[in-house]
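Please look through the sequence and the structure shown below before reading on. The report that follows takes up the ligand, the domains and the core in turn.

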Amino acid sequence: MDYKITRWQQELAEAFSDVETLCRHLQIDPESLPLLPNFKSFPLRVPRGFVDCMEPGNPDDPLLKQVLPLREELRHYPGYKHDPVGDLNAVATPGVIHKYRGRVLLVATGACAVHCRYCFRRNFPYGELQLSIQKLQQAFAYIESRPEISEVILSGGDPLLVNDDKLGHLLARLGGIAHLKRIRVHSRVPVVLPSRITPLLMDKLLETGKPIVLVLHANHPKELSAEVGSICAQLRQHGITLLNQSVLLKGINDDGETLCRLSEQLFAHGVLPYYLHLLDHASGTGHFAVDEARAKQIVQHMHCNLPGYLVPKLVEEQAGAAHKLPVC
Ligand code: SF4
């Protein structure tokens, strides 16, 4: 079969996967950094466009700190574990996570365009949930047989890394389920690999005939390049609702002014801030945690400086809870 590599696939293939190469590209001496010696199970992956938003020579760059594997990941923090939000207990059938009433998560792939060191799914056994054709049929059967499910959330990994054919099939099947009112997509791709948002992809989303909600994931205003802005404008022109979720990360975005700028920039691109998550307690991520009292101060600063609709909801996830819990 003739298989044409598209621009986004080429960019993904050219993403940085070696820490030394990334550091030298950014004019940073890798010897000066407390790097993690071995991280094969969750390797480095950063698209070049995202690296272009980093400041050369600055080891404290807030985008670099999100992707750099550091020795701090080895430190043990009490209460941190492999599956902090109880996803494995909520697997209804392979590929389907059913936690909340009326909504299910469909894990379309375990792959991501960027590997975020703070990720709560960094230890997730995606292999066990990988959707073969047979498992996919089971997943659709599960959703079809439950009329109370009104929304499917395509998740991952990053669902927009799935190739056009498979994603088109998946979307078409979901589009045919009458009781679904919406399809939601959780993706960091529009921010870290905007070339993936092609006209063909947008057509496939619209062909479902259902309202589409795309929840982006940006943590810092520097992530919103001109290309990201242009992609958001196109998505909006296609009638896609755009929201953003961020994770509150120590040393990266844990100050009110940074998050105010993020909200303003998101709004300028037609994106509304949705959630600001307290860090999920996944093993290897404790050094990113911001304590609750500080988080509340930050959000209070946002309330004092922004209209209410630009202040994201501060939430945390607890395994077994019926919904995300507001932190107030
Ligand atoms: S893109 Fe999302 S799922 Fe993937 S590593 Fe980053 S936070 Fe985790």
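## Around the ligand

How do the residues of the shell around the ligand divide into nonpolar, polar and charged? In this model, which is predicted, the shell is made up of four nonpolar, four polar and three charged residues. The residues that surround the ligand are Cys112, Val114, His115, Cys116, Cys119, Arg121, Gly156, Gly157, Asp158, Arg188 and His217.

## Two domains

The chain is divided into domain 1, which covers 7-74, and domain 2, which covers 88-326. Their C-alpha centres lie 23 Å apart, and 22 residues of domain 1 are in contact with 23 residues of domain 2.

On the side of domain 1 that touches domain 2, the elements giving two or more residues are α1 (7-13), α3 (48-51) and α4 (64-67), and α1 gives the most, with four residues. Sorted by class, this side of domain 1 has 14 nonpolar, two polar and six charged residues.

The largest nonpolar core has 85 residues, and the members that touch the most others are Val46, Val104, Leu106, Ala113 and Val114. Because domain 1 (7-74) and domain 2 (88-326) both give residues to this core, it lies between them.

Val114 is one of the residues around the ligand, and it is also among the core members that touch the most others. Leaving aside neighbours within four places in sequence, Val114 is in contact with Arg45, Val46, Pro47, Phe50, Val67, Arg188 and Val192. One of these contacts, Arg188, also belongs to the residues that surround the ligand.

Note on methods
Residues are numbered from 1 along each chain as its sequence is written. This is a predicted model: local features need pLDDT of at least 70, side-chain atom pairs count only at pLDDT 80 or more; totals for chains, interfaces and linings use all residues. A nonpolar core is a set of buried Ala, Val, Leu, Ile, Met, Phe, Trp, Tyr and Cys residues joined through C-beta atoms within 7 Å. A residue is buried if 20 or more other C-beta atoms lie within 10 Å of its own, exposed if 12 or fewer, and partly exposed in between; C-beta atoms are placed from the backbone. Domain bounds come from an automatic or database domain assignment. Two residues are in contact if their C-beta atoms, placed from the backbone, lie within 7 Å. A residue is near a molecule or strand if its C-beta atom, placed from the backbone, lies within 6 Å of it. Ala, Val, Leu, Ile, Met, Phe, Trp, Tyr, Cys and Pro count as nonpolar, Asp, Glu, Lys and Arg as charged, and the others, Gly among them, as polar.
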